Amino acid sequence: SEMCIRDSSSAEDDGIALTVVGAVPPGGAEVECVLCDAVTMAPVATHLVHVPSPIPKPSQAFRIEMDRDKGARRKVMYKNTCLTTSSLVLSTDCPRILSFPSKYLDIVPLDTAHIGLILHPYTCLLYTSP
């Protein structure tokens with residue numbers, strides 16, 4: 001998905017409020033913001049703007065091996081480095097292969113929690129040319 005920035009200021013405002021439309025990648029993004037004259041649409045200024053994201057960049061990667069016919073149950077450890085409680089919603093884009101015993105997880109500040117993973121058996125389909 002694309003990000004675009006829209007000027008949401010009004011004539012009464014002294015400043016410009018920017019609204020992000022679309023998905024911001026994990027960790028945020030640097031986007032070029034071009035300010036244009038409202039009448040002629042001629043570029044007036046260009047700024048590099050950091051758009052924050054509520055989703056952090058991945059800090060860890062895990063390699064888990066399993067028998068595809070049996071599946072597996074594993075736990076990984078996640079450390080909350082924030083000074084506030086982190087409330088996580090666990091989800092996957094491959095629910096046929098991966099699920100979680102609990103959809104929600106709260107981790108107190110500077111604590112470590114185990115996240116359960118359920119890896120389901122799956123079948124690989126091989127296609128051959130006729």
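The legends below describe close-up views of a predicted model.

**View 1. The largest nonpolar core of the predicted model contains seven residues.** Its members are Val76, Leu90, Leu105, Ile107, Ala113, Ile115 and Leu117. Two elements, β8 (104-107) and β9 (112-119), each give two or more residues to this core. Strand β9 provides the largest share, with three residues.

View 2. When neighbours within four places in sequence are left aside, leucine 105 is in contact with Ser86, Ser87, Leu88, Ala113 and Ile115.

**View 3. An open sheet is formed by three strands in the order β5-β9-β7.** The pairing in this sheet is antiparallel. Strands β5 (72-79) and β7 (98-99) stand at the edges and have a single partner strand each, so one side of each lacks a neighbour in the sheet.

**View 4. The antiparallel pair β7 and β9 is joined by two bridges.** Serine 99 has isoleucine 118 of β9 as its bridge partner.

**View 5. Strands β3 and β4 pair in the antiparallel sense.** Strand β3 covers residues 29-36 and strand β4 covers residues 43-51, with eight bridges between them. Alanine 29 has valine 51, in β4, as its bridge partner.

**View 6. The hairpin of β3 and β4 has six residues between its strands.** In this hairpin, methionine 41 takes a positive phi near 60 degrees.

Technical notes. Residues numbered from 1 in each chain as written. Predicted model: local features only at pLDDT ≥ 70, side-chain atom pairs only at ≥ 80, totals over all residues. Heavy atoms only, no water. Core = buried A, V, L, I, M, F, W, Y, C linked by side-chain atoms within 4.5 Å. Buried < 20%, exposed > 50% of the residue type's maximum accessible area, 1.4 Å probe, protein only. Helix = DSSP H or I, 4+ residues; strand = E, 2+ residues; numbered from the N terminus. Contact = heavy atoms within 4.5 Å. Pairing = 2+ DSSP bridges.
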